[in-house]
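Trainee: I have a new model open on my screen. Could we go through it together, one question at a time?

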Amino acid sequence: MENNQNETFQYTYSAREQDEVRRIRSKYLPKEESKMEQLQRLDASATQKAAMYSIITGVIGALILGFGMSCCMVWAGPWFIPGILIGLAGIAVVALAYPLYNQVLNKERQRIAPEILRLTDELMK
């Protein structure tokens, strides 16, 4: 005997499972950036670049200062006076980190100002 009936099985997901499916699916969809997200990203990019330059400058200055201290403390004799001068140079480099931060921040803000103003005009309408 032949059974010509189509045997099918249907299953529907619960609401919790549907949420899980949507959450997983959203991970793989191309993400569209809203105007507010663009504005926040642009604003953060200016401060991140300035912070990166100032941190690198500060670390280099601290390393120079540390080398000068090593010259004074470890190799004292003939390296004492050069160690002091090297340490002072390191202090000068560290002191330049904050003015460098402000300079880079202002330059970056000037560079992105037209785009920021355009986005804020669109968002405030």
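Mentor: Gladly! One definition to begin with: a patch is made of residues with over 30% relative accessible area and no salt bridge, and nonpolar side chains are joined within 5 Å. Keep in mind that this is a predicted model.

Trainee: Which helix gives the most to the nonpolar patch?

Mentor: The patch on the surface is formed by Phe67, Met69, Met73, Val74, Trp75 and Trp79. Together they have about 690 Å² of accessible area. With three residues, the one that gives the most is helix 2.

Trainee: Is Phe67 exposed, partly exposed or buried?

Mentor: Phe67 is found in helix 2. Buried needs under 20% relative accessible area and exposed needs over 50%. The relative accessibility of Phe67 is 40%, so this residue counts as partly exposed.

Trainee: Are helix 2 and helix 4 roughly parallel or antiparallel to each other?

Mentor: Helix 2 covers residues 35-73 and helix 4 covers residues 97-124, and their axes lie 8 Å apart. They pack at an angle of about 170 degrees, and angles over 145 count as roughly antiparallel. Helix 2 and helix 4 are therefore roughly antiparallel.

Trainee: How do the residues of that contact divide?

Mentor: Here we sort the residues where helix 2 meets helix 4 by type. They come to 16 nonpolar, six polar and seven charged.

Trainee: How far apart in space are Lys31 and Gly58, C-alpha to C-alpha?

Mentor: Lys31 sits in the loop between helix 1 and helix 2, and Lys31 is exposed at 74% relative accessible area. In sequence, Lys31 and Gly58 are 27 residues apart. In space, their C-alpha to C-alpha separation is 37 Å.

Key:
Residues numbered from 1 in each chain as written. Predicted model: local features only at pLDDT ≥ 70, side-chain atom pairs only at ≥ 80, totals over all residues. Heavy atoms only, no water. Axes fitted to C-alpha atoms, helices over the stretch in contact; angles between N-to-C directions. Helix = DSSP H or I, 4+ residues; strand = E, 2+ residues; numbered from the N terminus. Parallel < 35°, antiparallel > 145°, perpendicular 65-115°, else oblique. Nonpolar A, V, L, I, M, F, W, Y, C, P; charged D, E, K, R; others polar. Patch = residues over 30% accessible without salt bridge, like charges linked within 9 Å, V, L, I, M, F, W, Y side chains within 5 Å. Areas by Shrake-Rupley, 256 points an atom, 1.4 Å probe, with all protein chains shown as cover. Salt bridge = Lys/Arg side-chain N within 4 Å of Asp/Glu carboxyl O. Buried < 20%, exposed > 50% of the residue type's maximum accessible area, 1.4 Å probe, protein only.
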